[in-house]
Amino acid sequence: MTFPRRHRPMLCPDGFTLIEVLVVIVVLAIVAGVAIPDMGSAAATARLDAGARRVADLADWCYRSAIASGRVHALLIEDEGRSLQVVAESRPRPTAGEPIVPVGSSTPAGTPPELEPVSLPGMLGRSLPEGIRVSDASFYEEDLADQDPNRVRILFFPDGTTEFAGIELVGERGARRKVRINGLSGRINLEEVVDAPEDEA
């Protein structure tokens, strides 16, 4: 004769002890302290890269538009290096019976063309991301280096050449990127600027 087994109910705690809750809070605080600074640094780097790409995209658009339209285009960097503007040589309107004169042929040599603002496609922004600015613009030609630092101009010509230029951007945490424009080929390169290590004495 067998007797049914009597099951004793298992004792389950209704919640967590105070010690367990405190341990979890401490662990979460440590993880957050490690992860949040890294997230802030990554966001700042992403904004800096986006700003450098924006300058490069506008420079490339100026280069291609100058060739396609036969008009000189220029990228202006204004507002202490925080805003960008694209301008182009104004196209003369020929009157009836007048031959069409190529753009720029009536401008005396050495005289900069008259430039007027150009409407851009919607994807091309005119301002840099928050906290990003152009800190320096360097040129191959010495006369261009004397430009007003609050209004820098880079010209793009219809023959596919541009002014040699290097545009350096700086971010919130001091990181830097450089946009280099090759005057002969119109090629645009993005570079990370790394400070050279100081020579140890």
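The model is predicted, so local features need pLDDT of at least 70 and side-chain atom pairs count only at pLDDT 80 or more, while totals for chains, interfaces and linings use all residues. Residues are numbered from 1 along each chain as its sequence is written, and side-chain values use heavy atoms, leaving out hydrogens and water.

**Strand E1**

Let's start with E1, which covers residues 73–78. Strands (E, at least two residues) and helices (H or I, at least four) are DSSP runs, numbered from the N terminus. In E1, 6 of 6 residues are buried; buried means under 20% relative accessible area, with a 1.4 Å probe and protein chains only. His 73, Leu 75 and Ile 77 point one way, and Ala 74, Leu 76 and Glu 78 point the other way.

Glu 78 counts as buried because its relative accessibility is 16%. Beyond its neighbours within four places in sequence, Glu 78 is in contact with Ser 83, Gln 85, Asn 150 and Arg 151, where contact means heavy atoms within 4.5 Å.

**Strand pairs**

Two strands pair if DSSP finds at least two bridges between them.

| Pair | Bridges | Example of facing residues |
|---|---|---|
| E1 and E2 (residues 83–89) | 6 bridges | Ala 74 and Val 87 |
| E1 and E5 (residues 152–156) | 5 bridges | His 73 and Phe 156 |
| E4 and E6 | 6 bridges | Arg 133 and Val 170 |

E1 and E2 form a hairpin with 4 residues between the strands, and Asp 79 there takes a positive phi near 55 degrees.

**Nonpolar cores**

A nonpolar core is a set of buried Ala, Val, Leu, Ile, Met, Phe, Trp, Tyr and Cys residues joined through side-chain atoms within 4.5 Å. The largest one has 29 residues, and among those with the most contacts inside it are Leu 75, Phe 156 and Val 179. Helix H1 (18–69), E1 and E2 are among the elements that each supply at least two residues of this core. H1 gives the largest share, 9 residues.

A second, separate core has 5 residues, including Ala 74, Leu 76, Val 87 and Leu 155. In soluble globular proteins, nonpolar side chains tend to be buried together.

**The open sheet**

Finally, 4 strands make an open sheet in the order E4-E6-E7-E8, with antiparallel pairing. E4 and E8 (188–193) are the edge strands, each pairing on one side only.

Technical notes:
Buried means under 20% relative accessible area, exposed over 50%, partly exposed in between (1.4 Å probe, protein chains only).
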